[in-house]
Amino acid sequence: MEPGPAHVARLGPVPRGGAGLIEVLERSDLRGRGGASFPVGTKWRTVAGRRAGSAVLLVNGAEGEPLSYKDRLLMQCRPHLVIDGAFLAATSVGADDIVLFVGEEHRPARASLERALAERVDHPCRVRFVTAPARYVAGEESAAVHCVNDGVALPTSIPPRPFEKGVGGRPTLVQNVETLAHVALVARFGDRWYQEGGRDGAGGTALLSISGAVRQGSVLEVAQGSTIGEAVEAVGGATAAVGAVLLGGYFGGWVRAGETWSLPVDGMRLRAHGRALGCGTVALLPAHRCGVAMTALIASYLADQSARQCGPCVFGLRAIADALSRVAVCTPDAHDLTRLRTWSSELRGRGACRHPDGAAGLVLSALDVFDTEFLSHAVQRRCSSPGTPLEAAQWTS
Ligand code: SF4
């Protein structure tokens with residue numbers, strides 16, 4: 001980790017938070033990096049404006065997405081940057097309680113944060129850790145609040161949203177750790193500096209977790225607005241012919257490789273084209289790996305990760321995962337292919353949280369991108385990627 005003195009020598013002292021910083025954040029158009037891309041300034045103003053008494057800041061470092069490593073790396077290597085952002089957020093929205101919600105498997109990250117906190121003499125309020133269990137949905141905003149309140153990292157039906165009634169029933173700002181690191185830089189260097197850090201109308205930089213058919217899985221900081229292809233080249237390029245790319249993690253979607261490289265690292269522009277950058281994951285599937293098998297593995301994982309509270313999520317996801325598994329091993333029931341599209345379309349919006357929506361979007365994107373392979377599996381009962389049985393499907397070549 002970068003020690004406090006080196007951090008201050010590199011970036012200068014952290015300025016004061018407050019209403020002025022919220023205005024700077026609004027002008028910068030900095031957006032959250034946990035996946036939702038919500039404007040940070042708007043979120044802070046809402047919490048600051050709605051508070052009855054003091055608010056709570058929940059620093060979200062759960063990072064349960066299996067393809068994402070950027071948050072734990074950031075906490076481990078640059079803990080003071082995250083803490084700067086957290087202290088600025090707390091003073092700006094009037095929080096007197098900071099909860100560092102860190103994934104239970106991210107031990108080096110937590111150790112770095114603990115050491116960095118011990119170096120600080122500028123704590124604005126109480127700071128405490130709460131451990132996020134290793135579940136996919138633990139980092140979902142309402143699940144994080146539920147975990148802090150009751151020790152149960154399951155989503156709750158909303159409204160009320162955390163900014164209305166969160167930790168201890170108090171207005172709560174939930175903010176991803178990468179977002180807070182950007183805040184710490186925008187506070188120092190300003191909104192224009194942030195805007196000039198991006199390309200083609202996008203501001204600032206973003207952390208990407210790049211994995212799959214690359215020499216080594218990497219976390220890379222790139223200018224927003226640069227292309228996915230440039231990012232992959234920056235980590236050494238693909239190590240095999242790439243068939244498709246999973247963009248945005250398990251809640252994202254498959255994109256044909258040829259369509260991927262020119263896409264911008266810009267969550268808002270991607271969303272306008274029906275894509276998602278999510279929490280910034282880019283996973284390259286080699287052309288010789290079976291996309292149907294890989295999707296079946298992910299769908300099964302997501303079905304297992306259901307918080308088992310909502311019927312459509314519990315039974316619908318499992319039914320989809322089972323049908324996908326039958327197709328993947330070329331032993332489908334007669335109507336599995338039709339059912340997959342129907343069930344996935346019907347699942348959207350049926351849960352208390354976005355878990356089923358994310359899973360359904362992934363499956364629908366697979367049915368589109370791997371359409372030929374699905375037909376081959378379901379009709380000809382043959383995998384066009386022989387040698388890659390379900391259990392052997394991996395990201396790497
Ligand atoms: S939709 Fe699924 S993951 Fe979300 S709360 Fe309901 S059961 Fe849990």
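User: Which residue is the bridge partner of Thr205 in S6?
Analyst: In this predicted model, Thr205 has Ala223 as its bridge partner in S6.

User: How many bridges join S5 to S6, and do they run parallel or antiparallel?
Analyst: Strand S5 (residues 205-212) and strand S6 (residues 218-223) run antiparallel and are joined by six bridges. Another of the pairings is that of Ile210 with Ser218 in S6. A hairpin of five residues leads from S5 to S6.

User: What about S5 and S9, parallel or antiparallel?
Analyst: S5 and strand S9 (residues 281-286) run parallel, with four bridges between them. Gly212 stands opposite Leu284 of S9.

User: In what order do the strands of the open sheet come?
Analyst: The order of the five strands is S6-S5-S9-S7-S8, and the pairing is mixed. S6 and strand S8 (253-256) are the edge strands, each pairing on one side only. On average, neighbouring strands are turned by 30 degrees against each other, direction ignored.

User: Which helix packs on the sheet, and which strands does it touch?
Analyst: Helix H13 (residues 291-304) packs there, touching strand S7 (242-247), S8 and S9. The direction of H13 makes about 165 degrees with that of S8.

User: Back to S5: how many of its residues are buried?
Analyst: Seven of the eight residues of S5 are buried, so the strand is mostly covered.

User: New topic: how many residues are in the largest nonpolar core?
Analyst: That core has 44 residues. Among those with the most contacts inside it are Leu21, Trp44, Ile98 and Val183. Helix H5 (79-93) is one of the elements that give two or more residues to the core, and its nine residues are the largest share.

User: Val183, then: why does it count as buried?
Analyst: Val183 counts as buried because its relative accessibility is 0%, and the cut-off for buried is under 20%. This residue lies in helix H8 (residues 177-189). Leaving aside neighbours within four places in sequence, its contacts include Leu21, Leu25, Trp44 and Leu88.

User: How far apart in space are Val183 and Arg31?
Analyst: They are 9.9 Å apart, C-alpha to C-alpha, although 152 residues separate them in sequence.

User: How many salt bridges does the structure hold?
Analyst: There are 28 salt bridges in the structure. One of them joins Glu178 and Lys70, whose closest N and O atoms are 2.8 Å apart. Glu178 lies in helix H8 and Lys70 in helix H4, so this pair ties together parts that are 108 residues apart in sequence.

User: Are those two buried or exposed?
Analyst: Glu178 is buried, with a relative accessible area of 2%. Lys70 also counts as buried, at 0% relative accessibility. Salt bridges that share partners join Arg33, Lys70, Asp71 and Glu178 into one network.

User: What does Glu26 form a salt bridge with?
Analyst: Its partner is Arg45, and the closest N and O atoms are 2.6 Å apart. Glu26 is in helix H2 and Arg45 in helix H3, 19 residues apart. Glu26 counts as partly exposed at 33% relative accessibility, and Arg45 counts as partly exposed at 40%.

User: Last one: how far apart are the end C-alpha atoms of H16?
Analyst: They are 21 Å apart, which agrees with the 21 Å that the 15 residues of helix H16 (residues 355-369) should span at 1.5 Å a residue. H16 is mostly covered, with 14 of its 15 residues buried.

Terms used: Residues are numbered from 1 along each chain as its sequence is written. This is a predicted model: local features need pLDDT of at least 70, side-chain atom pairs count only at pLDDT 80 or more; totals for chains, interfaces and linings use all residues. Side-chain values use heavy atoms; hydrogens and water are left out. The expected span of a helix is 1.5 Å times one less than its number of residues. Buried means under 20% relative accessible area, exposed over 50%, partly exposed in between (1.4 Å probe, protein chains only). Two strands pair if DSSP finds at least two bridges between them. Contact means heavy atoms within 4.5 Å. Axes are lines fitted to C-alpha atoms, for helices over the stretch in contact, and angles run from 0 to 180 degrees between N-to-C directions. A nonpolar core is a set of buried Ala, Val, Leu, Ile, Met, Phe, Trp, Tyr and Cys residues joined through side-chain atoms within 4.5 Å. A salt bridge is a side-chain nitrogen of Lys or Arg within 4 Å of a carboxyl oxygen of Asp or Glu.
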